[in-house]
Amino acid sequence: PEKDIGLGATAPLYQSGSNSVGLWAMFITMLADLTAFSGLVFGYFYFWTVHGAFPPVGSAEPDRFWLVAAAVGYAAAWALTLLSVRANANGSAYAACASLVAGIALALGGTAALVFAPSATGMDPTVHAYPAIVWVLILWTGIHAAAGVLMQAYVIARTAVGLCTAIYDADVRNVALYWHFMALTAAVTIAVIGLFPEVSR
């Protein structure tokens, strides 16, 4: 676990959590990602300021039932990812993997619901800036959910072969950090496209 680096000092060979370079790399990367996402959200509200009516009167809006279903799916996927961190820390590889498998299923379900929300009401991104920016926010969130699912699957594979353990747990901790940002992205997207049209009337 440690190596002699001379003059009677030792240094650890492995770090996870807030002491690891990987976690800080993930944090900085996701801060940059969140900045880009903020630009998209700003675009939505910019259109609101320059259009007399935004959303346009009579335009289709995302189906709120499916938006709620998406929110539940993403929230559950986030919670299950955090649960896998705890299970892994307790030495239960089976529980950690089971939590991540369930998290993947719910993340995929949440993404399907999010995509279906505007599809169900016939929102066409080519007719106006309003449906276009709604679809852009959904596309951004869906792509990030897909990346999150790939990360969860990677941790499952690492855990299954014994490379992610209670001691060597940087992988699952870094993925959990990503899912904090993913949950925030989903929450903002769903709130903006689902709640703002009602507030702006």
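**Close-up views of a predicted model**

**View 1. Proline 62 in its loop.** Proline 62 has a relative accessible area of 3%, so it counts as buried. The model shown in this and the following views is predicted. Proline 62 belongs to the loop that joins H1 and H2. Its contacts, leaving aside residues up to four places away in sequence, are Leu67, Ala117, Pro118, Thr121, Met123, Tyr130, Val134 and Ile193. Alanine 113 is 51 residues from proline 62 along the chain, yet the two C-alpha atoms are separated by 11 Å.

**View 2. The two ends of helix H2.** At the start of H2, aspartate 63 places a side-chain oxygen within 2.9 Å of the backbone nitrogen of phenylalanine 65. After H2 comes glycine 91. The phi of glycine 91 is positive, near 85°. Between its end C-alpha atoms H2 covers 38 Å. That agrees with the 38 Å that its 26 residues should span at 1.5 Å a residue.

**View 3. The buried residues of H2.** Leu67, Ala70, Gly73, Tyr74, Ala77, Leu80, Thr81, Ser84, Val85, Ala87 and Asn88 are the buried residues of H2. The packing partners of the buried H2 residues are helix H3 (93-119), helix H4 (129-160) and H5.

**View 4. Tyrosine 44 and its two aromatic partners.** The structure holds 16 aromatic pairs. One of them joins tyrosine 44 to phenylalanine 54, edge-to-face, with 5.4 Å centre to centre and 80° between the planes. Tyrosine 44 sits in helix H1 (residues 21-50) and phenylalanine 54 in the loop between H1 and helix H2 (64-89), so this pair ties together parts ten residues apart in sequence. Both tyrosine 44 and phenylalanine 54 are buried. Tyrosine 44 also pairs edge-to-face with phenylalanine 196, at 5.7 Å centre to centre and 80° between the planes. Phenylalanine 196 lies in helix H5 (residues 170-199), so here the pair with tyrosine 44 of H1 ties together parts 152 residues apart in sequence. Tyrosine 44 has 0% relative accessibility and counts as buried. At 12%, phenylalanine 196 counts as buried too.

**View 5. The aromatic cluster.** One aromatic cluster is formed by Phe42, Tyr44, Phe45, Tyr46, Phe47, Trp48, Phe54, Tyr130 and Phe196. Tyr130 is also among the contacts of proline 62.

**View 6. The largest nonpolar core.** This core has 44 residues. Tyr44, Leu114 and Ile193 have the most contacts inside it. H1, H2, H3, H4 and H5 are the elements that give two or more residues to this core. H5 gives the most, with 13 residues. Leucine 114 touches Trp66, Leu67, Ala70, Tyr74, Ile138, Thr141, Ile190 and Ile193, with residues up to four places away in sequence not counted. In soluble globular proteins, nonpolar side chains tend to be buried together.

**View 7. Helix H5 and its kink.** Of the 30 residues of H5, 21 are buried, so the helix is largely enclosed by the rest of the structure. H5 has a kink of about 30°, centred on valine 192. The end C-alpha atoms of H5 are 42 Å apart. At 1.5 Å a residue its 30 residues should span 44 Å, which agrees.

Note on methods:
Residues numbered from 1 in each chain as written. Predicted model: local features only at pLDDT ≥ 70, side-chain atom pairs only at ≥ 80, totals over all residues. Heavy atoms only, no water. Phe/Tyr/Trp six-rings, centres within 6.5 Å; stacked < 30°, edge-to-face > 60°. Helix = DSSP H or I, 4+ residues; strand = E, 2+ residues; numbered from the N terminus. Buried < 20%, exposed > 50% of the residue type's maximum accessible area, 1.4 Å probe, protein only. Expected span 1.5 Å × (residues − 1). Contact = heavy atoms within 4.5 Å. Polar contact = N/O pair within 3.5 Å; in protein donor to acceptor, adjacent residues only side chain to side chain. Core = buried A, V, L, I, M, F, W, Y, C linked by side-chain atoms within 4.5 Å. Bend = angle between axes of the 7 residues up to and from the residue.
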